[in-house]
Amino acid sequence: MQSSASQPILKAALWDMDGTIVDTEPYWIEAEHALVAAHGGQWSHDQAMQLVGQSLVFSAGVLQDAGVKLDRREIIDTLTAQVISRVRTSVPWRPGARELLDELHTAGIRCALVTMSEAPLAREIVASLPKPYFDFLVTGDTVTQGKPHPEAYLKAVELLQRQDPELTLHECVALEDSEPGVAAAMASGVVTVGIPHIMPLPHDPRRATWDTLEGRTVADLEELVALRHEFPDATFGFASAATRSLAID
């Protein structure tokens, strides 16, 4: 979809990482199990699901409550080191993510990574990509409040605006898989797409929801930006194709 001159255009895509670009959640859960077991505790599936999409500082506190006798910094470093080790062996890409990144890059649409993982892991993933898709990384160790707080997304938009002062929130689309992630993106004001993975996302007509990024294109993201412009205050659902059900305000 080509936007008219009077409409905002898609200028930037803001990408979550874990669960959206890469399927690293099983690596994190494995690291959590090992760490809790090393301290004589037990770690359940339900406990692990509490941490999906959360900040590492929050997750470290939950692990302390589960019996891990380390300070939060030590917990974060231990988990991150184990996940990096696994990623160096095998990067578990999510379907359609690299293809959409490449199409955005070809179209000249800026991309930023907005993740609660810290910089060492984020750089490892980015280095595994074939091209420099991301203008910059906003990582969990560069913000004071993690998702679901919108700070990370607001910081990303601010950094984008330094190069393009006319860029607006409604010209940015966030891609997220988790409930804390979509909450952060929506609270920032950017157009938000939820792509649920490990955990289902509750219905919310204020965002788009896609089953997968496989087969998704720049035109699909441009359509969401155009709809936000056309219906800025509405809450509604629509079908853009027989197999696609989206909702956005």
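Glu158 is partly exposed, because its relative accessible area of 43% falls between the limits of 20% for buried and 50% for exposed. This value, like those that follow, comes from a predicted model. The partner of Glu158 is Arg162: their side chains meet in a salt bridge, at 3.5 Å from N to O. Arg162 has a relative accessible area of 58%, and it counts as exposed because this value is over 50%.

Both residues belong to helix 7. They are four residues apart, which corresponds to about one turn of the helix.

## Other salt bridges

Side chains of opposite charge can pair when their charged atoms come close. In this model, the count comes to 13 salt bridges. One of them brings together the side chains of Glu171 and Lys11, at 3.9 Å from N to O. Glu171 lies in the loop between helix 7 (151–163) and strand 4, whereas Lys11 lies in the segment before strand 1, so the pair ties together parts that are 160 residues apart in sequence. Both Glu171 and Lys11 are buried. These two residues also belong to a network of salt bridges in which Asp164 is linked with them.

A further salt bridge is formed by Arg206 and Asp204, whose closest N and O atoms are 2.7 Å apart. How accessible are Arg206 and Asp204? Arg206, at 45% relative accessibility, counts as partly exposed. Asp204 has a relative accessible area of 14% and is buried, because buried means under 20%.

Strand 1 pairs with strand 2 (residues 110–114) in the parallel sense, over four bridges. Within this pairing, Ala13 stands opposite Cys111 of strand 2. Strand 1 also pairs with strand 4 (residues 172–176), again in the parallel sense and over four bridges.

Helix 4 has 18 residues. From its first C-alpha to its last it reaches 26 Å, close to the 26 Å expected at 1.5 Å a residue. At the start of the helix, a side-chain oxygen of Asp71 reaches to within 3.2 Å of the backbone nitrogen of Arg73.

Which residues of helix 4 are buried? They are Ile75, Ile76, Leu79, Thr80, Val83, Ile84 and Val87. Seen down the axis of helix 4, these buried residues fall within an arc of 155°, so they line one face of the helix. On the other side of helix 4, Arg88 and Thr89 are exposed. The cover over the buried residues includes helix 1 (25–38), helix 3 (56–65) and helix 6 (119–127).

## Thr80, a buried residue of helix 4

Thr80 lies in helix 4 (residues 72–89). Its relative accessible area is 6%, and Thr80 is therefore buried, since the limit is 20%. The side chain of Thr80 reaches the backbone oxygen of Ile76 at 2.8 Å.

Leaving aside residues up to four places away in sequence, Thr80 touches Trp28, Leu56 and Leu121. One of these, Leu56, is among the buried residues of helix 3, and Leu121 is among those of helix 6.

The buried residues of helix 3 are Leu56, Ser59, Ala60, Gly61, Val62 and Leu63. They pack against helix 1, helix 2 (45–50) and helix 4. Helix 3 is followed by Gly67, which has a positive phi, near 110°.

In helix 6, the buried residues are Ala119, Leu121, Ala122 and Ile125. They cover an arc of only 165° around the axis, which puts them on the same side of helix 6. The face turned away from this buried side carries the exposed residues Arg123 and Ala127. Helix 1, helix 4, strand 2 and strand 3 (136–138) are included in what covers the buried residues of helix 6.

Terms used: Residues numbered from 1 in each chain as written. Predicted model: local features only at pLDDT ≥ 70, side-chain atom pairs only at ≥ 80, totals over all residues. Heavy atoms only, no water. Pairing = 2+ DSSP bridges. Helix = DSSP H or I, 4+ residues; strand = E, 2+ residues; numbered from the N terminus. Buried < 20%, exposed > 50% of the residue type's maximum accessible area, 1.4 Å probe, protein only. Polar contact = N/O pair within 3.5 Å; in protein donor to acceptor, adjacent residues only side chain to side chain. Contact = heavy atoms within 4.5 Å. Salt bridge = Lys/Arg side-chain N within 4 Å of Asp/Glu carboxyl O. Expected span 1.5 Å × (residues − 1). Arc of directions from axis to C-beta.
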